[in-house]
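Colleague: Could you help me learn to read helix packing in a model like this one?
Modeller: Gladly; let's look at it together.

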Amino acid sequence: MPNQRRASKKQRSLEILLRLKRLYPEAPCSLDFANPLQLMIATMLAAQCTDERVNLVTPALFAAYPDVYAFAEADIADLEQLVKSTGFYRNKAKNIRAACQRIITEYNGEVPPRMEDLVTLPGVARKTANVVLAHGFGINGGVTVDTHVKRITNLLGLTKHADPVKIERDLMKLLPQPDWENWSIRLVYHGRAVCNARNPKCGLCELADLCPSAKVLPVVPVSEAAVLPVVSLVPEAVQS
Ligand code: SF4
């Protein structure tokens, strides 16, 4: 019986994946970057910030600090000023500079293309590392789990966990590896378009027949629903 349940959950997750692909055919990274270092830094800045805001900040940032050595030697006050509008700027500036210093001392100045190395960099945990691996190196190392992915994966009944690491583990068992990263991006799109946190539109949702939470959610009148900011796919706990 448990095996049957597992099999049906897997079938359901694959059908959900197919429908998400049909609904959102394109699943690009929404951060602007030219190389893995810029992607890593943009992803760090996207913690608790929108990708749109990060994309406004990074052109001047990458012009001021063109490579890992420039970031590693940055004057911290100057760096803070350039990233200030992304929020949590002191920690972000400190982590970016420290991560670049470690990339130089431990990895010959190149962003390492391995999860176990990436997560040793200050300010880089699994979420950032997953994004860097997927979009910087074409490696699906895991599933990025942000607040949207966590919420909707739970609503879809594909996990019972609240801990992002455990949710990621569940999703890695259910989804084909090539789809690990695009699952997260498409789920974020679905959260913005249909499965809003305050007012999921189950009646309009093309996943409703596959979703155990359909219909059971209380519907909040649109006038009472707060307009939520679009939060980045990769909000990472800013590490001090
Ligand atoms: S059916 Fe409702 S709760 Fe389930 S994914 Fe769709 S909008 Fe979200």
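Colleague: At what angle do H9 and H11 pack?
Modeller: Axes are lines fitted to C-alpha atoms, for helices over the stretch in contact, and angles run from 0 to 180 degrees between N-to-C directions. Here helix H9 (residues 147–155) packs against H11 at about 80°, and their axes are 9 Å apart. That makes H9 roughly perpendicular to H11 (65 to 115 degrees). This is a predicted model, where local features need pLDDT of at least 70, side-chain atom pairs count only at pLDDT 80 or more, and totals for chains, interfaces and linings use all residues. Residues are numbered from 1 along each chain as its sequence is written.

Colleague: Which residues in H9 and H11 meet?
Modeller: Contact requires C-beta atoms, placed from the backbone, within 7 Å. His148, Val149 and Ile152 in H9 meet Ser184, Leu187, Val188, His190 and Gly191 in H11.

Colleague: How many residues of H11 are buried?
Modeller: Buried means that 20 or more other C-beta atoms, placed from the backbone, lie within 10 Å of a residue's own. In H11, 11 of the 14 residues are buried, so this helix is largely enclosed by the rest of the structure. Among them are Trp180, Trp183 and Arg186.

Colleague: How are H2 and H6 oriented to each other?
Modeller: Over 145 degrees counts as roughly antiparallel. The axes of helix H2 (residues 36–45) and helix H6 (residues 89–107) cross at roughly 160° and come within 10 Å, so H2 and H6 are roughly antiparallel. At their contact, Ile41, Met44 and Leu45 in H2 meet Lys92, Asn95 and Ile96 in H6.

Methods
Buried ≥ 20, exposed ≤ 12 C-beta atoms within 10 Å, placed from the backbone. Helix = DSSP H or I, 4+ residues; strand = E, 2+ residues; numbered from the N terminus. Parallel < 35°, antiparallel > 145°, perpendicular 65-115°, else oblique. Contact = placed C-beta atoms within 7 Å.
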